[in-house]
Amino acid sequence: MTEFVRACALAEVPEQGTLGVELNGVQLVIIRSEGEVYALAEFCTHEDVSLVDGEVYDHTVECWLHGSCFDLRSGKPTGPPASRPIATYQVRVESGDVYVAL
Amino acid sequence: MSQLQGAVENAGPVSKLHARESFDPVDFPVPTGREEEWRFTPLRRLRGLHVDAPFDGKVGIEVDADPEIPVVLAQHGDPRIGIALVPSDRVSARAFAAAGEVTILTVPDGFAASRPAVISVRGDDSSVAAAGHVVVEVGANASAVVVLDYAGSATYADNVEFVVGDGARLSVVSLQDWDGDSVHLSHQHALVGRDASFSHTAVSLGGGVVRVAPSVRYAGPGGNAELRGLYFADAGQHLEHRLFVDHSAPDCRSRVTYKGALQGDDAHTVWIGDVVIRPEATGTDSYESNRNLVLTDGTRVDSVPNLEILTGEVTRAGHASTSGRLEDQHLFYLMARGIPLAEARRLVIRGFFGELIGEIAVPELAQRITAAIEVELARGMGPGSTP
């Protein structure tokens, strides 16, 4: 059974926005899009750029520097130049807090 | 109109490559990873070498050379330090300021060394950063071979200076064969005298993050520099080589030849080849090339040659870069003669590196590097390797 760790309060994550957190030494980006909450590894698989500064739309996060896109649900790259998927983590929202399974 | 004319006359051609040089770390802001000179380097894996990690650690430096070549430990302020080098980035400037003792080898004028001078750099703790500084002075018309042998486990930033006197010959092999947890950032600068000859071979095999920056300047006309490199990156390894040849004297020659192979997930190599031919460097003969063999999926190669020519009077100036898989035709040729695929791959890769290994002036070292590449190849021949 994977253990869920509290990452942040839901209110800290802007609607259609991002929040960078570090959890047990793992750097993550928490993203809210279309009412859902997602957790991904923080850095773009293309050139190691933080996705905390990325743009969020339509179940997608887009890296601000080169425009790589990732599907928030699967972590799969949906737009170049990134070609490798980004790690995704299970998320649970309980009483206003976001928990992530590491 | 006259105003415009004045502006044009005063604004002589200025190179943008390596424009900033300083001995003071404060002159270099902490890199963010977006700068041209840092954008390929995984800053998060440098353990703060590029920020302000204290240089409290120590690596051992031992020199084995001809007795005629004096080796001294000098302090900052010694006039022999800082001749060939002005730091060009924050790590180099920090290492320059922090290195307490500087190891200086002096090859006397006209002396021909009978055997290679081996400088062994050994680390035993990668949890604390260490800084180092080595100066190799070769007197006029002398000749020497120097081996820099880096091994062990370390987080290490160092500067190495080669001052090659007029008419002298210096051949250097820098072998980076660190343990997998090591981080090594090295600046190796040469000042090549009139009609002198300098060759430098960087061999990077082991280490987590290795970034070597060899550079050459010329103190007078007629200098010749051969810069070669060979690297083999495995899964997760980052091997980076940043070359800089600054043609600032007329009638000098430079050749840069780097070859690398990559295998395994997230094996990453970077090659940057910068050449500046300044307005006064007429008659320059320069060529640089980089070849990369991608042996499996999941690797990444960055290869960027930059050439800035500020005079029309050059003999030759060119560059080339290729990155690709083993050629099917080469493998087919060998397999059609009864050689199995795995052996055919090995033969082609041996041939690829053979040109560079053949140039290494120290036979024991050439053998050691050949053996290390064979080990790499054996490791990569497991299931999942693509032809």
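B:Ala117 is in contact with B:Val63, B:Ala65, B:Asp66, B:Ile69, B:Leu105, B:Ala144 and B:Val146, leaving out residues up to four places away in sequence; two residues are in contact if their C-beta atoms, placed from the backbone, lie within 7 Å. The model is a predicted one, in which local features need pLDDT of at least 70 and side-chain atom pairs count only at pLDDT 80 or more, while totals for chains, interfaces and linings use all residues. Residues are numbered from 1 along each chain as its sequence is written, and chains are lettered from A and ligands numbered from 1 in the order in which they are written.

B:Ala117 belongs to strand E4 (residues 117-138) of chain B; helices (H or I, at least four residues) and strands (E, at least two) are DSSP runs, numbered from the N terminus. B:Ala117 counts as buried because it has 20 C-beta neighbours inside 10 Å. The term buried applies if 20 or more other C-beta atoms lie within 10 Å of the residue's own, exposed if 12 or fewer, and partly exposed in between, with C-beta atoms placed from the backbone. B:Ala361 is 244 residues away from B:Ala117 along the chain, and the C-alpha atoms of the two are separated by 12 Å.

The largest nonpolar core has 101 residues, of which B:Val146, B:Phe162 and B:Val164 touch the most other members. Such a core is a set of buried Ala, Val, Leu, Ile, Met, Phe, Trp, Tyr and Cys residues joined through C-beta atoms within 7 Å. The most residues in this core, 13, come from strand E5 (residues 143-164) of chain B. Not counting residues up to four places away in sequence, B:Phe162 touches B:Ala84, B:Val136, B:Leu170, B:Val172, B:Ala190 and B:Phe198. A second, separate core has 24 residues, among them A:Val21, A:Leu40, A:Leu51 and A:Tyr89.

Helix packing was examined in chain B. The axes of helix H3 (residues 328-335) and helix H4 of chain B come within 9 Å and cross at roughly 125°; axes are lines fitted to C-alpha atoms, for helices over the stretch in contact, and angles run from 0 to 180 degrees between N-to-C directions. H3(B) and H4(B) are therefore oblique to each other, given that angles under 35 degrees count as roughly parallel, over 145 as roughly antiparallel, 65 to 115 as roughly perpendicular and the rest as oblique. The crossing of H3(B) and H4(B) is right-handed; a crossing is right-handed if the near helix is turned clockwise from the far one by less than a right angle, and left-handed if anticlockwise. From H3(B), B:His330, B:Leu331, B:Leu334 and B:Met335 meet B:Leu341, B:Ala344, B:Arg345, B:Leu347 and B:Val348 of H4(B). This contact of H3(B) with H4(B) comprises seven nonpolar, one polar and one charged residues, where Ala, Val, Leu, Ile, Met, Phe, Trp, Tyr, Cys and Pro count as nonpolar, Asp, Glu, Lys and Arg as charged, and the others, Gly among them, as polar.

Helix H4 (residues 341-357) also packs with helix H5 (residues 363-380) of chain B, their axes coming within 11 Å and crossing at roughly 155°. That angle makes H4(B) roughly antiparallel to H5(B). H4(B) passes H5(B) in a right-handed crossing. The contact involves B:Arg346, B:Ile349, B:Phe353 and B:Ile357 of H4(B), together with B:Ala366, B:Ile369, B:Thr370, B:Ile373 and B:Leu377 of H5(B). By class, the residues where H4(B) meets H5(B) are seven nonpolar, one polar and one charged.

A:Leu72, in the loop between strand E7 (69-71) and E8 of chain A, is buried, with 24 other C-beta atoms within 10 Å. Beyond its neighbours within four places in sequence, A:Leu72 contacts A:Ile31, A:Ser33, A:Tyr38, A:Leu40, A:His59, A:Thr60 and A:Val61. A:Leu72 and A:Glu34 are 38 residues apart in sequence and 11 Å apart in space, C-alpha to C-alpha. A:Glu34 lies in the loop between strand E3 (26-33) and strand E4 (36-41) of chain A and counts as exposed, with 11 C-beta neighbours inside 10 Å.

Most residues other than glycine have a negative phi, and most peptide bonds are trans. Phi of A:Glu34 is positive, near 50°. A:Gln16 also has a positive phi, near 55°, and is found in the loop between strand E1 (4-9) and strand E2 (17-23) of chain A. A cis peptide bond, with omega about 10°, joins A:Pro80 and A:Pro81.
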